[in-house]
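Okay, thanks for coming, everyone. Let me put the structure up and we'll walk through a couple of pieces of it.

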Amino acid sequence: KKKIAIMTSGGDSQGMNAVVRSVVRTGIFYNCDVYAIYEGYEGLVNGNNSIKKMSWNDVRGFISFGGTLIGTARSNAFRTPEGRLKACYNMIINGIDALIVCGGDGSLTGADLFRHEWPSLCDKLIKQKRLSIDQVNPFRNLTIVGLVGSIDNDMSSTDSTIGAYSSLERICEMVDYIDATATSHSRAFVVEVMGRHCGWLALMAGIATGADFIFIPERPPNSKTWKDDLKEICLRHRQKGRRKTTVIVAEGAIDNQLNPISADEVKDALVELGLDTRITTLGHVQRGGSPVAFDRMLATFQGVEAVKAVLDSTPSTPSPMIGILENQIIRKPLVESVRLTKSVATAIENKEFDKAMSLRDTEFGE
Ligand code: F6P
């Protein structure tokens with residue numbers, strides 16, 4: 001009987017619980033034992049009470065909850081060789097040889113490294129007499145499957161990460177609230193949104209709320225002229241009768257010389273224009289609340305696909321990442337998706353902004 005573990009890792013995102021529910025129930029449907037690993041990699045390293053066999057009823061109601069009910073962590077222990085050795089030990093003594101990880105690119109890279117090291121970790125456990133050859137031999141092959149749970153929508157090879165549309169919905173609700181008071185007072189608001197090095201949340205929120213100006217890392221404005229350009233555009237909108245000014249700034253926003261653009265600098269420019277200006281940093285509300293229907297569906301379909309990928313996997317199959325491209329649930333080699341994701345960051349660091357944008361387009365399925 002196949003024993004599969006599911007874990008959520010890195011920053012939580014809406015839809016992670018729906019993933020856990022889907023994996024648990026699909027696994028049970030296919031006659032597997034399914035385990036939840038609590039607190040992400042930290043739980044895998046600690047073992048004992050962090051690894052729990054799940055029943056059908058254990059995940060009842062999970063589909064609509066925000067956050068992750070099985071916990072998550074940004075684990076330092078798993079970054080060390082000893083931490084990964086302990087994780088390997090805990091998997092084997094619990095009889096688990098397939099791991100489904102739902103997290104961002106860092107968590108998925110960690111998962112792939114774990115698989116890569118697995119044979120040598122097994123040998124080390126035998127050598128150090130922590131486990132016998134007979135205990136280890138049935139678990140020589142580790143299967144890893146990645147699901148991308150992140151609000152940032154920053155992963156290559158998938159049109160959407162699990163949580164991105166819920167977060168976008170939250171941001172739009174908040175900007176709508178802010179708009180009411182902005183219009184009442186004829187004020188300007190600078191809204192800083194999350195996304196780490198990715199501008200997807202800022203760009204889509206700006207479009208969906210009709211913002212005056214949007215700052216994203218992938219399209220950095222000219223370091224010398226952006227303040228004047230911003231002022232000119234906001235002034236033009238005011239002259240057309242707009243009573244409010246809304247500027248969305250991605251937390252990773254930069255200019256074309258790679259200097260960060262802060263909400264404070266944007267505010268200063270608007271104040272110079274004579275606008276009564278406030279800053280709202282939305283912060284972790286963007287990760288809160290229930291998943292929107294799209295994220296529940298995405299999580300459910302991808303959870304099913306992840307279990308199928310586990311059952312199809314052979315020792316020579318590269319670890320797959322489950323994504324969605326042009327409305328199809330797909331499997332892509334995990335390492336390839338991580339490599340493509342990192343190449344966007346490298347292009348930005350090298351000031352190759354058009355290349356970064358076209359790589360992001362690849363990410364959006366073109
Ligand atoms: O990756 C998700 C995210 O919310 C980013 O948008 C943000 O930069 C980061 O995590 C915040 O991390 P933390 O919750 O550890 O402060």
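So, the buried residues of α1 pack against β1 (3-8), β2 (33-37), β4 (98-103), β5 (143-148) and α10 (293-312). Contact here is C-beta atoms, placed from the backbone, within 7 Å, and helices (H or I, at least four residues) and strands (E, at least two) are DSSP runs, numbered from the N terminus. This is a predicted model, by the way: local features need pLDDT of at least 70, side-chain atom pairs count only at pLDDT 80 or more, and totals for chains, interfaces and linings use all residues. Residues are numbered from 1 along each chain as its sequence is written.

How much of α1 is buried? 12 of its 14 residues, so the helix is largely enclosed by the rest of the structure. Buried means 20 or more other C-beta atoms within 10 Å of a residue's own, with C-beta atoms placed from the backbone. Among the buried ones are M16, R21, R25 and G27. After α1 comes N31, with a positive phi near 65°.

Now over to β10, residues 320-325. Five of its six residues are buried, so this strand too is largely enclosed by the rest of the structure. Which strands does β10 pair with? Pairing takes at least two DSSP bridges between two strands. With β5, β10 pairs in the parallel sense over two bridges, and L147 has I322 as its bridge partner. With β11 (residues 328-333), β10 runs antiparallel, joined by six bridges; there I322 partners R331. The β10–β11 hairpin has two residues between the strands, and E326 takes a positive phi near 50°.

Key. Contact = placed C-beta atoms within 7 Å.
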